Each structure stands twice: as structure tokens, then as C-alpha cells.
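Colleague: I am new to reading models like this one. Could you take me through some features?

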Amino acid sequence: MKSIVIKIYKGWLYNTKLKHKILLTYLALIILPLGIFQYVASDKIADLIVDQITYSAEQSFDQTYSYFSYRVERIAKTTDMLVTNPAVSNSIQKLKTIQNINNELQEYDELKRLMISIRDNLDIAGVVMYVPDTFLFAREMENFLPISLADHSPCFQRLIEEKQKYMWCTADTLAGYSPSDDASFISVARNIMDPNDYQSPIGHLRVDVEKEKLRMILNKANVVKNSVTFLHDSTMGVILASDSVPVDLVQPLDNIQLRDETKIFTTNGNYYSARPVPYSKWSMVTVIPLDEVVKQGFQLRNQLYLLLIVIAAAAYFLAYLLAISITRRISRLTRRIREVEVGNMLPLSPIDGRDEVGELIRTYNFMIKKISAMNEQQFQLGQERKSAELKALQSQINPHFLYNTLDLINWMATRGMNNEIRNVVKTLSRFYRVSLSNGRDIITLREELDHVSFYVQIQNIRYDYEIEFLVNVPEDMFNYFIPKITLQPLVENAIAHGILGRESRKGTIEITAARAGHDILITVSDNGIGMGADQLAKLNDQFTKPVVRDDSYGSRNVDMRIRHYFGNKYGLTYHSMEDKGTSVDILIPAEDVHRNGVLGES
């Protein structure tokens, strides 16, 4: 294990760039301690935040509960002012026996005055009294309602059956409530007992409270996002809520027994606080989603991580500047050394530094100066050698053709063909005039076509004009450059090894030319005997494979000269089919007189 670690460390140490080593080291010294601190501190802080939030939620619940209980108690105590007032019960008893309408209206005014008096309480929106149906004002419908309506009210039935002192009810459980008010009020119901029989009610009292006022109080308990506070009745369910309450939030309350203290429990991912509300059968409940509590801790941790990233980015930027300042000169030296690998011998500008890097740069400049001088000397020697090789290759062709032509003249002289000899000599002189070309090694395609045409004329004299010679080259290509004596050896091969191999010893040679991108493709084709695949492959191989002894003429000589002039991309390629003929492609760069000014000179 130790050896593996050492191997990895050495691999990093020796294979990583100096700039990256400085960056990584600098960042490790800054980011690693900060990251460890952040990891440890964020969890601790998140726990503290969760504790703080739950504590604040409990405090807010207790404060809201106290204030809400106070308001409920005040409303309940306000109802006592009417229910326990002897004047109210005495008036109702008296009204049962009064026969005089004026007296009954006097009692009505007295009861109405008492009812209006408690409306001054800010919590109370309305007061309604249910009186016996026989009363003249029982169907007044604003302050008084017939007691028979209460007989069909679930709220009042529950009040009587459960013998409760106070019964808080919603609009849908009351009678005599206008539909437009149903969603706006919640009511507390009371029995008005017979002073002579406290077991029998002689009327009912209903005090209406605006729901929105109670809801605003409940809202104050919601200190955490998406939390909800509501009033819960074990029989009637949710009475009032700060927001909508899903059914699954209420279900856990069915199995909870509440006493006169705050009950705190956690279930189904929710944090519950619940406590009974005095003077009612309600419980005040606040539900806080635990993910909202934890989310705030996560948010803080994410903010700390973001801060760490910002610090890391700033540290990276500073480390990068430091690394660049240290490695800039080394990087320049490295780039120049890479350029030396591809042949660019460029020195670096003088350096004032006297440290190790400065010494390296001065040594590099001295080395480049020496190498450049050696390369210049080597280049001159190479140019001289190349020129000598080209002249040697060219000299192999001229004597070869001259020997063949002199042999032709000798043959014609023995047969007394004086006129033909005159034509041959004239054509031969024109041929060699082009061959010499004032010492130029590169001539125009027009001159080269003239040169090969003179050659074919001589050969036609020798072979009884059995060779048809065609030139299909566009005139706009006549000014392109070509090494001299390129086409003649190829035409000579086409005659000697192609046409003369036919039984009739006659045939056609055609020269064509076309542009191929930035190059020129010239094709010399014949309809001679052609060659087989093996012979064709062997012929093409001689252009790319080295030979031990270079004593060949013709096509190999031409290919070598083209490669010497233009590079290995260019040269000859043969194509042939047995009994069909042979063609050779000559690929050279497209350079013309107009672009280069003058022709190349030797």
C-alpha cells in the first residue's frame, strides 16, 4: 500500500506542470482547512438554527394562545352580562303573562337596550336572543328570533344535551342565520335559565364574532413558512384556520389526549403544538412542517458553501496570478523549446533575471545561436548537393536520347535517306534548344509540350509515322511550370514498351492536363499492350521504395526529379490494363509565370 501511495505521489510530482503544482498547493493550504471548518461548523449551526426555530415557534404559540384565550374568555364573560342578569330573565318571565301590547313593547325596548350595550365590545359583531314564539317581537329577525328555530339547530341541541355553559358554533349549525353571513362569523351560544328552575331554559342567547378577527390572532402563531394554526373540535373537526388545512394534518389529533397544558409531538414529518382553549371545547393547534425547519438550516449551510466557493474562486485567482508570475518565464522557455522540435530556431528576448530561470534562458539563447549557424551551413551544403543530384539525373536522360537519335541517323545514312537526315537533324537541334533552355531547370508547359513534340517527330521518322500524337491541354495552362524533360521519357516508354509491343507496331499517344485543386494533373496515355497487375504494382513501388542501386532511366528518373523539386506529395502514378494500354499521372503544383515572375534558373 505504501509503495502504491509513493508511486502515485511521484507520478503527480514528476508529471504535473509547475504552475498546477503551485495552484494545487496554494489552494490546498487555504481551501482544505476552510472546507473542514465549514463541514463541521455548518452542521452545528444548522442544529442550533433548528433548536432556535422550534423554540421561537413554541414561544410564539404560547403567546398567541394566551392572547387568543384572553379574547375568548372576554367574549364568554361578556355573555354573562346578559345571561346572568336578572332583568333579562325577569323580562322574559313577565312577557309570558303580559296582555298589554304597550307593556310588551316596553319590555322589548329594555331587552334590546341591554343587548345593544354589550355590542360596544370590539370582539362582538352581533347579539341575537331566542325568545318564546308567542312574544310580539319574536320574529323581529334582527335582534330576536323565535325559540322554535333553536329546536332544529344542532348547536343549541348540543348545548342542551351536553349541559355546557358555553357552546361555540359555526354558522352551518345555527338557525336563523342569513346565508350571506355564514362564512363571516362564528358564534357562542348560551342558555337563559328559568330563575325558578335552573334546569329549564326559557330562552337562548347567541353572540356573533367575526372570524377574520380570530383568524388574524391565529396567524401570529405561524412564524415558520407553510405552517398553519387552527381551532379543532373533537366532534366538529376544524372550526377556524389561518390557512387551508389538509385532512392528513388533522388525523393525528384523534388519538391525542389534551390537558390544560401545551402538548408537543412530532409525527408524519410535522411538528405539532396543541392546547385546549378555555371557555370552549376547542383546541388551538399549530402544525409546522419539519422540512421547513430543516430547510432554513440547509439554506444557511448552502450560503456558507457559497461563501466557501467565492473564497475558493478568489483564492484560485490569487494563486493563478502567483503561479503565472513564477512560471511565466519557464512557460515561454518551454514553448520555444517545443518550437525547436518542429524546426523554429527562435531565441528568447534578453532577460534581466539572474536566478536559475534566467540562466536557463541565456543558455537556451546561446544554444539556439549555435544550432542556427550549424543549420545554415548544413542547408547550404544540402542545396549544393541537391543541385548536383538534379543535374546528374538530368544528364542521364540527354545522353540516352542522343545515343538513340544518333543511332537513327546512322541507320538512315546507310540507306541514303539524306532529306530525312536533314529533317531529323533540324528537329534534333530544336529539341536540344528546348533541353538547354538557357540553363533553366524549370520551363513552361508550352515549352515542354514543344520539346516532346520534337521527340515524337523524330521517332515517327524512325517508325514510318505509325505513332499518332495528340495534345489536349487547355491554352490557359500553357504558362504553368514543369521540370524540363518530364514528358519525353514517359512518351519514350509509351512507344518502346507499349505501342511497339503491338503486332501492328502502331498506336496513339495522348497528353491531357487539368487542374486538381491547387495542383495540376497531367496524363500521358497510350493504347499499347499494357501490363499485368503484378508488373504495374512493381512499377509503382519503385517510386516509393528505396533501391540499392540507382541506375535506371525513364520514369523513375522523372519521379525523383519531381520529388526533389516539389516534395514527396508529388510525382508519378501508373495505371494500366493488359491489352488495353497504359497511362501515367504526373502531379505537380500549379505555379505559373504570372504569379512567380520569372522562370527558375539553375
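This is a predicted model: local features need pLDDT of at least 70, side-chain atom pairs count only at pLDDT 80 or more; totals for chains, interfaces and linings use all residues.

Colleague: How many helices and strands does the chain have?

Modeller: Helices (H or I, at least four residues) and strands (E, at least two) are DSSP runs, numbered from the N terminus. Here there are 15 helices and 17 strands.

Colleague: Which way do strand 8 and strand 9 run?

Modeller: Strands pair if DSSP finds at least two bridges between them. Strand 8 (residues 263-267) and strand 9 (residues 270-276) run antiparallel, joined by five bridges. T267 has N270 as its bridge partner. Two residues lie between the strands of this hairpin, and N268 takes a positive phi near 50°.

Colleague: Why is helix 12 called largely enclosed?

Modeller: Buried means under 20% relative accessible area, exposed over 50%, partly exposed in between (1.4 Å probe, protein chains only). In helix 12 (residues 487-499), eleven of the 13 residues are buried, so the rest of the structure largely encloses this helix. Among them are L487, P489 and I499. Across the chain, 41% of the 602 residues are buried.

Colleague: Is Y316 buried or partly exposed?

Modeller: Y316 has 40% relative accessibility, so it counts as partly exposed. Y316 sits in helix 8 (residues 290-341).

Terms used
Residues are numbered from 1 along each chain as its sequence is written. Side-chain values use heavy atoms; hydrogens and water are left out.
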